[in-house]
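Biologist: I would like to go through this structure before planning my reading of it. Could we begin with the terms and then take the details in turn?

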Amino acid sequence: MGLYYSYFKEIAIDSPSFIEGFLSIISDNRTEAPTTINVLERFNLYPEVLLSLIYRTMNSRGMLTELCYQVDRGQTMSPVLSCEGHKEPTYFYVTSVFILNGCLLGLLFLFGTYLSKSILGGIITTLAYLFNHSEATRVMWTPPLRESFSFPFHVLQLFVVTYILQQQQTLTSTNAIKSILEYIKKHDQLIPVDATQNSISHGSKIKLVSLLVVSTILYMLPWQ
């Protein structure tokens with residue numbers, strides 16, 4: 001857990017600027033000393049880079065807060081400060097992972113609802129995930145794992161692919177029905193024909209494909 005977080009802390013806290021922190025991880029000579037390696041590619045640290053950028057941006061604008069306490073450690077040791085809040089990098093990092101996986105639960109609900117055509121299906125899907133949480137994910141034990149960042153986007157990818165395939169199947173069936181009705185109309189002018197129009201516009205297709213590409217990239221980048 002500490003390895004991935006250490007790179008986030010290096011970029012977000014220890015380095016004077018984001019650029020210097022980013023350059024330090026693409027030319028790192030400490031992880032496998034004395035060899036210089038690109039740990040960004042070696043360990044797929046793209047989530048840490050993005051989170052450190054968000055942290056620096058929010059912190060510079062005063063959007064992050066913390067509450068500190070002075071802890072008395074007895075007469076032989078000096079007191080120390082103990083802080084909590086999202087200005088603390090550990091809180092920010094772990095909370096970001098938990099928020100992403102919280103969105104996963106909502107996405108599973110939408111996916112289950114769409115597949116079953118019923119809200120009950122979405123509820124059953126989310127309950128199944130919650131009851132089997134320890135088998136479905138390890139995010140509660142080791143938040144920085146690459147799967148914690150990739151899995152939500154994998155489910156999004158499945159959702160988009162399912163939607164595209166189902167719509168394509170609907171269009172194929174519609175075109176077949178349209179051909180049959182046109183044939184009947186040609187031989188019997190008394191039968192009215194109301195052909196169903198294409199339910200997906202060109203703009204919607206572009207948006208769906210773009211969403212599929214983005215979800216695939218976000219799924220594959222952190223994955224090892």
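Modeller: Let us start with burial: a residue is buried under 20% relative accessible area, exposed over 50%, and partly exposed in between, using a 1.4 Å probe and protein chains only. By that scale Leu120 is exposed, because its relative accessible area is 53%. This is a predicted model, in which local features need pLDDT of at least 70 and side-chain atom pairs count only at pLDDT 80 or more, while totals for chains, interfaces and linings use all residues. Residues are numbered from 1 along each chain as its sequence is written, and side-chain values use heavy atoms, with hydrogens and water left out.

Biologist: What is the mean pLDDT of the protein?

Modeller: The mean is 85, and 84% of the residues reach 70 or more. pLDDT is the predictor's confidence in each residue, from 0 to 100.

Biologist: Where does pLDDT stay under 50?

Modeller: Over residues 187-198, for which the model has eight contacts beyond four places in sequence. A contact means heavy atoms within 4.5 Å. Where pLDDT is low, the predicted coordinates should not be read in detail.

Biologist: How many helices and strands are there?

Modeller: The protein has nine helices and four strands. These are DSSP runs numbered from the N terminus, with helices being H or I of at least four residues and strands E of at least two. From the N terminus on, the order is α-α-β-β-α-α-β-β-α-α-α-α-α.

Biologist: And what share of the residues is buried?

Modeller: Of the 224 residues, 29% count as buried. Among contacts between residues at least 6 apart in sequence, 58% join residues at least 24 apart.

Biologist: Back to Leu120. Which helix holds it, and which residues make the nonpolar surface patch?

Modeller: Leu120 lies in helix 6, residues 119-131. The patch is made by Ile119, Leu120, Ile123, Ile124, Leu127, Leu130 and Phe131, and comes to about 720 Å². Patches are made of residues with over 30% relative accessible area and no salt bridge; like charges are joined within 9 Å, and nonpolar side chains (Val, Leu, Ile, Met, Phe, Trp, Tyr) within 5 Å. The areas come from the Shrake-Rupley method with a 1.4 Å probe, and for residues only the protein chains shown count as cover.

Biologist: Now charges. How many salt bridges does the structure hold?

Modeller: There are six salt bridges. The term requires a side-chain nitrogen of Lys or Arg within 4 Å of a carboxyl oxygen of Asp or Glu. Side chains of opposite charge can pair when their charged atoms come close.

Biologist: What does Glu48 pair with?

Modeller: Glu48 forms a salt bridge with Arg146, at 2.7 Å from N to O. Glu48 lies in helix 4 and Arg146 in helix 8, so the pair ties together parts that are 98 residues apart in sequence.

Biologist: Is Glu48 buried or exposed?

Modeller: Glu48 counts as buried because its relative accessibility is 0%. Arg146 is buried too, at 4%. Leaving out residues up to four places away in sequence, Glu48 touches Tyr4, Phe8, Tyr93, Arg146 and Phe149.

Biologist: Which residues are linked in a network of salt bridges?

Modeller: Glu10, Asp28 and Arg30 are linked in that way. Within it, the side chains of Glu10 and Arg30 meet at 2.9 Å, N to O. Glu10 in helix 1 (residues 2-14) and Arg30 in strand 1 (residues 28-32) are 20 residues apart, and the pair links distant parts of the chain. Glu10 is buried at 10% relative accessible area, whereas Arg30 is exposed at 56%.

Biologist: A change of topic: where is the cis peptide bond?

Modeller: The cis bond joins Ala33 and Pro34, with omega about 0°. Pro34 is in the loop between strand 1 and strand 2 (35-37). Most residues other than glycine have a negative phi, and most peptide bonds are trans.

Biologist: Then what is the phi of Asn44?

Modeller: Phi of Asn44 is near 55°, a positive value in a residue other than glycine. Asn44 sits in the loop between helix 3 (39-42) and helix 4, and is buried, with a relative accessible area of 11%. Lys117 also has a positive phi, of about 60°. Lys117 belongs to the loop between helix 5 (89-116) and helix 6, and is exposed at 57%.
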